[in-house]
Amino acid sequence: MKLRLHQFLSKTGFFSSKREVKEAIWNGDITVNGSVVKEISFQFNPKTKPVLYRGQRLELTNEHTTFLLYKPRGYLCSRLSEQERSLNKRSVFELFRESVDSSTYERLVTVGRLDEATTGLLLVTTDGGLVHDITSPEHDIRKIYEAITRDSVSSSQMKSLEQGVDIHIEDSGVTTSYTSRPAEVHQIEPDIIELTIQEGKKRQVRRMFEAVGNEVVHLHRLGIEGLHLSNYDLELGDFCPIQKGEITRLIFHHG
Ligand code: URA
């Protein structure tokens with residue numbers, strides 16, 4: 001089967017963006033079957049023609065791509081519906097459109113969701129298995145948030161958040177209830193709380209604070225297990241590729 005050179009290079013997982021792929025080609029760093037090829041759409045059969053980058057053989061890989069994104073406020077963690085588009089909503093996927101190849105772009109999904117207004121660490125991946133491993137309720141993965149609240153958080157509110165609070169959700173006239181699981185709660189300032197939870201129900205943190213009579217005015221995800229946003233040099237809206245090995249080590253604590 002024939003592939004275009006830029007598609008082949010993107011699928012090797014060796015380059016982190018479309019731009020890097022193009023630059024490697026234009027710089028004359030890529031040879032196909034022994035000859036330098038500077039045409040990004042050059043078509044060839046990778047089964048019969050070896051591709052080298054500065055002399056290093058590149059192979060197609062089925063490996064997935066995962067990015068660590070510093071999610072800005074005002075972005076949804078889903079593909080936009082027509083209605084959302086007409087309301088000028090924005091999606092986190094738009095942040096990737098210019099920088100990743102179209103095959104990767106189309107397969108990207110978020111690992112869980114952050115609310116439109118929430119900022120902070122978000123993993124975006126082509127790897128459905130990773131999404132399952134991190135979001136499955138059985139895996140007890142700890143998510144760490146910083147919540148800025150409307151009112152100072154009292155010690156009785158702290159205690160309730162720590163022990164578990166009753167949350168009632170009304171949807172189309174039907175009320176469902178659950179009790180949040182015990183959480184780790186640290187008071188950084190009277191109205192700034194660091195909260196670690198092992199569940200991820202919709203609007204969970206905001207609902208927990210509502211349940212104790214307070215309100216979250218800003219929510220930021222600091223990390224997931226040992227993977228902390230502050231260890232990466234990212235500005236709001238920036239992302240970087242992250243290797244599976246690093247995720248395994250920092251989130252699943254092995255390797
Ligand atoms: N909990 C919330 O309430 N919102 C988020 O975005 C994440 C966790």
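**Figure 1. Area buried between domain 2 and domain 3 in the predicted model.** About 1100 Å² is buried between domain 2 and domain 3, with 45% of this on carbon and sulfur atoms. Buried area is the accessible area (1.4 Å probe) lost by two parts when put together, summed over both. Asp115, Thr119 and Leu121 account for 40% of what domain 2 buries against domain 3, more than any other three residues. Residues are numbered from 1 along each chain as its sequence is written. In this predicted model, local features need pLDDT of at least 70, side-chain atom pairs count only at pLDDT 80 or more, totals for chains, interfaces and linings use all residues, and side-chain values use heavy atoms, with hydrogens and water left out.

**Figure 2. Placement of the domains.** An automatic or database assignment sets the bounds: domain 1 (3-62), domain 2 (64-138 + 230-252) and domain 3 (142-224). Between the C-alpha centres of domain 2 and domain 3 the distance is 23 Å. Contact (heavy atoms within 4.5 Å) joins 16 residues of domain 2 to 12 residues of domain 3.

**Figure 3. Salt bridges between domain 2 and domain 3.** There are two salt bridges between these domains, each defined as a side-chain nitrogen of Lys or Arg within 4 Å of a carboxyl oxygen of Asp or Glu. Arginine 203 and aspartate 115 form a salt bridge through their side chains, at 3.7 Å from N to O.

**Figure 4. Elements on the domain 2 side.** Strand 9 (119-125) and helix 8 (244-251) each give two or more residues to the side touching domain 3; strand 9 gives the most, five residues. Helices (H or I, at least four residues) and strands (E, at least two) are DSSP runs, numbered from the N terminus.
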